[in-house]
Amino acid sequence: MQAENKTLLYIYDDVTEYGEFDWNAWEYKDSETSAKYFAEKLSDIPEGQTIELHINSNGGSVKEGVAIYNLLKQCSNKKVGIVDGVAHSVAFLILQACDERKMCLGTTALVHDMWMYCSGNAAQLRKYADDLDDMMEANRQVFLERANINEEELIELMQNETYLTPDKALKYGLIDEIMNKKTETAGNEEVLEKLSSMQRQLNSQESFRQQIAKMKERQQKKPEKNKILELFKGGTIQGKI
């Protein structure tokens, strides 16, 4: 979808290579969250046009997600990623490909270790575990490229299957902005300006009271001067030479 000078893309489902199975045609439908679909969409976007990627996904296939991430990274267009609902698992990894990473208020992200379905003998199962360790090491590098935390801290977050609020994601350097926060800041600045204006008015009133007090003080001193003048005029005070 194109709007003004930007193209809107959506990941609003699980990231999968195949769509739903069509029992009538006896084949899988095309997936709109596959790497193949994104490759086709990205190739149609004119150079210089901004890509705005909206995400609301529980994650899905690591293979497809990593490919989508790299397709976005290789694209020269400016990319703005916005989490509208949830960006869990590999969906949050895809967000990291965007030049500007944003989460809306009330959204969540999830980082965790990969898992897979597997079967086989003991030697094969041990190999699967080793393979997962290697894949996780590669996966972490995507987040560490721009994160404010080190690898040990990220490992702990992933092992604990950590849900991230927008504030935490921003603190860890995993997003760049919380949308609508600017409006809140602008409101705070308006309140501060009103408070400053009230303080200036109070200071002005205080200054005015001080002026009134000085005027009263001067008025109280005037009768004494007038009395002295009357004494001179009446000859009451006599000087000696």
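Biologist: In which strand does Lys-102 lie?

Modeller: Lys-102 lies in strand E7, residues 100-103, where strands (E, at least two residues) and helices (H or I, at least four) are DSSP runs numbered from the N terminus. This is a predicted model, in which local features need pLDDT of at least 70 and side-chain atom pairs count only at pLDDT 80 or more, while totals for chains, interfaces and linings use all residues. Residues are numbered from 1 along each chain as its sequence is written, and side-chain values use heavy atoms, with hydrogens and water left out.

Biologist: Why is Lys-102 called buried?

Modeller: Its relative accessible area is 14%, and buried means under 20%, exposed over 50% and partly exposed in between, with a 1.4 Å probe and protein chains only; Lys-102 is therefore buried. Leaving aside neighbours within four places in sequence, Lys-102 is in contact (heavy atoms within 4.5 Å) with Val-80, Gly-81, Ile-82, Val-83, Glu-177 and Met-179.

Biologist: What makes Met-136 buried?

Modeller: Met-136, which has its place in helix H4 (residues 122-144), has a relative accessible area of 6%, so it counts as buried. Beyond its neighbours within four places in sequence, Met-136 is in contact with His-112, Asp-113, Met-114 and Met-158. Met-136 and His-112 are 24 residues apart in sequence and 9.5 Å apart in space, taken C-alpha to C-alpha.

Biologist: Why is the pair of Phe-21 and Trp-23 called edge-to-face?

Modeller: Rings of Phe, Tyr and Trp (its six-membered ring) pair if their centres lie within 6.5 Å, and planes under 30 degrees apart count as stacked, over 60 as edge-to-face and the rest as tilted. The centres of Phe-21 and Trp-23 are 4.8 Å apart and their planes stand at 75°, so this pair is edge-to-face. Ring pairs also link Tyr-18, Phe-21, Trp-23, Trp-26 and Tyr-28 into a cluster, and the whole structure holds 9 aromatic pairs.

Biologist: Why does Phe-21 count as partly exposed, and what makes Trp-23 exposed?

Modeller: Phe-21 has 26% relative accessibility and so counts as partly exposed, whereas Trp-23, with a relative accessible area of 61%, is exposed.

Biologist: Which residues of helix H1 are buried, and how do you know that they line one face?

Modeller: In H1 (residues 35-43), Ala-35, Phe-38 and Leu-42 are buried. Seen down the axis of H1, the buried residues fall within an arc of 60°, so they line one face of the helix; the arc is that of the directions from the helix axis to the C-beta atoms. The face turned away from this buried side carries the exposed residues Lys-36 and Ser-43. The buried residues of H1 pack against strand E2 (6-11), strand E5 (50-57) and helix H2 (62-74).

Biologist: What makes E2 and E5 a pair?

Modeller: Two strands pair if DSSP finds at least two bridges between them, and E2 and E5 pair in the parallel sense over 6 bridges. The bridge partner of Leu-9 in E5 is Leu-53. E5 also pairs in the parallel sense with strand E6 (residues 79-88), over 6 bridges, and E5 is mostly covered, with 6 of its 8 residues buried.

Biologist: How confident is the predictor, as averaged over the protein?

Modeller: The protein averages a pLDDT of 85, and 73% of the residues score at least 70, pLDDT being the predictor's confidence in each residue, from 0 to 100. Over residues 236-241 the pLDDT is below 50, and this stretch has 2 contacts in the model beyond near neighbours in sequence.
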